[in-house]
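Here is a friendly briefing to read beside your viewer. Please open the structure and keep it at hand as you go through the points.

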Amino acid sequence: MTNKKKKKIVLTGGGTAGHVTPNIALLPFLKEAGYEVTYIGSVNGIERELIQDCGIRYVGVPTGKLRRYFDLKNFTDPFRVVGGFLKARSFLKKYRPDVVFSKGGFVSVPVVRAAAALKIPCVIHESDMTPGLANKLCFKAASKVCCNFPETVEKLPKGKAVLTGTPIRGDLFTGSREEGLRLCGFADPAAEAAENTGAQIIDEGNAPAENAAAQGAGAGNAPAGNASVESAQKPGAGKASKPVLMIMGGSQGALSVNEAVRRHLDELLPDFNIVHLCGAGKYDASKEGIAGYKQFEYVKEDLKHLFAAADVIVSRAGANAIFEILALQKPNLLIPLSIGTRGDQILNARSFEAQGFSEVLVESEEEGILDKKLVSTIRSLYQNRDKYKTAMAGAGQQGSIPTIMGLLNDLSGINRE
């Protein structure tokens, strides 16, 4: 019997958590396939912190941002990029990986370009609907370019584009609605009634079993409008708990969304229990003790349980966040970040809206839109929740990991062994 040489892969991507978490989602599948995995990131970037607990080798390289606006760092960062290229090339020449997978961010540019110079095949992944500058600089060097949105395919090099969706962490599908409700301190009268009567309660708040396996849902519409959602939540005696509304704005929170939700608590709380992921430093102590309202600055390990408990989600429209929501088939309202960005979140949100997955409110398009429409849109979203679940169940951008693994295995030669 001959021993097969173990295949090697280099992962890269960084600058934000969104450039790292999809790589982390791939790790168990890469290890199962027999790959030896090394991660190349920036010397002190967030990716180093996130990868530390994954038990894989980490190589730090210098990196600089390529800006489209004036900044004094524009005079020094090009030298850092060149330094990153030289260090990445030196490491890759010695390590000789069979394939490179890049999730983008500026640290990926020197890595992908160095790999191409050494004739190492690369797969890159673009999260947003319009490609970012870092990935654009890598198109020529890439063998394949994965993307999340159908609209993106036509913006990518012909023959290289593959619609995959985003790799999703498997643990998100293992959350417990009961544990999520416990963490928030939300009573579940339906469960309490079952304990008293011995009846069996079916947990409908968790992700569908089909999601965990293949990434449907029932069909049917309830009346839309501004009416209370109470009538949509009456099974029999009307003793079921209120639906759970989850507000999330990323690790830094979303100030305008936070403020709008808190201004309208009196209108929302009669219909919903609210779990609010408000972001670091944005906890409002004056709201402590309000029944049915629970704030967290940041949640990591227990996020899966909060997702399981959520019936409706309000979120920014970062690509990784919305694809997690899609995979979990949670009806959602997207409020894209529109200031200080290149508009990618607005495009992401509009694509999800067009595909029937989401409702969208864009703050820059109408002054005071959150005060005018937030409450009524959330109520309508919940009343029509089955329509959104049905649309999400038929989404084509699911099952991304098998597709990406197939590309990597083809390029590394595993599929030829």
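This is a predicted model: local features need pLDDT of at least 70, side-chain atom pairs count only at pLDDT 80 or more; totals for chains, interfaces and linings use all residues.

The largest nonpolar core has 62 residues, and a second, separate core is made of 27 residues. The largest cavity holds about 50 Å³ of space.

**The nonpolar cores**

- The separate core of 27 residues includes Leu 92, Ala 115, Leu 118 and Cys 147.
- Which residues does Leu 277 touch, leaving aside its neighbours within four places in sequence? Its contacts are Met 246, Ile 247, Met 248, Gly 249, Phe 296, Val 299, Leu 303 and Leu 306.

**The largest cavity**

- The lining of the largest cavity is formed by Ile 247, Met 248, Gly 249, Ala 254, Val 257, Asn 258, His 276, Leu 277, Val 314, Ser 315 and Arg 316.
- Two or more lining residues come from each of strand E8 (244-248), helix H9 (255-263), strand E9 (273-277) and strand E11 (312-315).
- By residue class, the lining of the largest cavity divides into 6 nonpolar, 4 polar and 1 charged.

**Around Tyr 283**

- Tyr 283 sits in the loop between E9 and strand E10 (293-296).
- With a relative accessible area of 34%, Tyr 283 counts as partly exposed, because that value lies between the 20% and 50% cut-offs.
- Setting aside neighbours within four places in sequence, Tyr 283 is in contact with Arg 262, Cys 278, Glu 288, Gln 295 and Glu 297.
- One of these partners, Glu 288, makes a side-chain to side-chain polar contact with Tyr 283 at 3.3 Å.
- Tyr 283 and Gln 295 are 12 residues apart along the chain, and their C-alpha atoms are separated by 6.8 Å.

- His 264 is placed in the loop between H9 and helix H10 (265-268).
- Is His 264 buried or exposed? Its relative accessible area is 10%, so His 264 is buried, the cut-off being under 20%.
- The side chains of His 264 and Glu 267 are joined by a polar contact of 2.6 Å.
- Not counting residues up to four places away in sequence, His 264 touches Leu 370, Asp 371 and Val 375.

- H12 (residues 319-328) is mostly covered, with 9 of its 10 residues buried.
- The buried residues of H12 are Ala 319, Asn 320, Ile 322, Phe 323, Glu 324, Ile 325, Leu 326, Ala 327 and Leu 328.
- Gln 329 follows H12 and has a positive phi, near 55°.
- In H13 (residues 344-354), the buried residues include Asp 344, Gln 345, Ile 346, Asn 348, Ala 349, Ser 351 and Phe 352.
- The cover over the buried residues of H13 includes H12, E12 and strand E13 (358-360).
- Just after H13, Gly 356 has a positive phi of about 85°.
- Leu 334 belongs to strand E12 (residues 332-334), and at 0% relative accessibility Leu 334 counts as buried.
- Beyond its neighbours within four places in sequence, Leu 334 contacts Ser 315, Arg 316, Ala 317, Ile 322, Ala 349, Phe 352, Ser 358, Glu 359, Val 360 and Leu 361.

- Arg 96 has a positive phi of about 50° although it is not a glycine.
- The loop between helix H3 (77-95) and strand E4 (99-102) holds Arg 96, which is partly exposed at a relative accessible area of 42%.
- Lys 119, also a residue other than glycine, has a positive phi near 65°.
- Lys 119 lies in the loop between helix H4 (108-117) and strand E5 (122-126), and its relative accessible area of 74% makes Lys 119 exposed.

How values were computed. Residues are numbered from 1 along each chain as its sequence is written. Side-chain values use heavy atoms; hydrogens and water are left out. On a 1 Å grid over the protein atoms alone, a cavity is a set of points where a 1.4 Å probe fits but cannot get out, and a pocket is an open set with protein on both sides within 12 Å along at least five of seven lines; lining residues have an atom within 4 Å of a point. Grid points are joined across faces, edges and corners, and a volume is the space filled by probe spheres set on the points. Helices (H or I, at least four residues) and strands (E, at least two) are DSSP runs, numbered from the N terminus. Ala, Val, Leu, Ile, Met, Phe, Trp, Tyr, Cys and Pro count as nonpolar, Asp, Glu, Lys and Arg as charged, and the others, Gly among them, as polar. A nonpolar core is a set of buried Ala, Val, Leu, Ile, Met, Phe, Trp, Tyr and Cys residues joined through side-chain atoms within 4.5 Å. Buried means under 20% relative accessible area, exposed over 50%, partly exposed in between (1.4 Å probe, protein chains only). Contact means heavy atoms within 4.5 Å. A polar contact is a pair of N or O atoms within 3.5 Å; within protein, one must be able to donate a hydrogen and the other to accept it, and residues adjacent in sequence count only if both atoms are side-chain atoms.
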